[in-house]
Amino acid sequence: HTDYEESFPNAASHVVDLLEGSAENISPPDDAITSLEIIVGMYISHYLGTHVSLPLETPLEDVTITSW
């Protein structure tokens, strides 16, 4: 049993706690945007078969993802 095995269940449980108002979100919104940008960059890189520079040239607010 490792901490890694519990990381997703712990994260999911924390999201539920946040939505129910029983926990406080201490992560700045900019950290979430950066994390999402990295994930989107990995998908774009895989889909195009090339390297992707971060930060992305187009802000995430202007990106539409229809399917992978």
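**View 1. Pro-55 at the surface.** Pro-55 is exposed, with a relative accessible area of 61%. The model is predicted. Pro-55 counts as exposed because its 61% is over the 50% cut-off.

**View 2. The peptide bond from Leu-54 to Pro-55.** Is this bond cis or trans? The bond from Leu-54 to Pro-55 is cis. Its omega is near 0°. In general, most peptide bonds are trans.

**View 3. Pro-55 and Ser-27.** How far apart are Pro-55 and Ser-27 in space? Their C-alpha atoms are 19 Å apart. In sequence, 28 residues separate Pro-55 from Ser-27.

**View 4. Helices and overall dimensions.** The protein has two helices. Along the principal axes, the C-alpha atoms fill a box of roughly 40 × 30 × 20 Å.

**View 5. Surface and burial.** What percentage of the 68 residues is buried? Buried residues make up 7%. The protein exposes about 6,100 Å². Carbon and sulfur atoms supply 57% of that area. Pro-55, at 61% relative accessible area, is one of the exposed residues.

Key. Residues numbered from 1 in each chain as written. Predicted model: local features only at pLDDT ≥ 70, side-chain atom pairs only at ≥ 80, totals over all residues. Heavy atoms only, no water. Helix = DSSP H or I, 4+ residues; strand = E, 2+ residues; numbered from the N terminus. Buried < 20%, exposed > 50% of the residue type's maximum accessible area, 1.4 Å probe, protein only. Areas by Shrake-Rupley, 256 points an atom, 1.4 Å probe, with all protein chains shown as cover.
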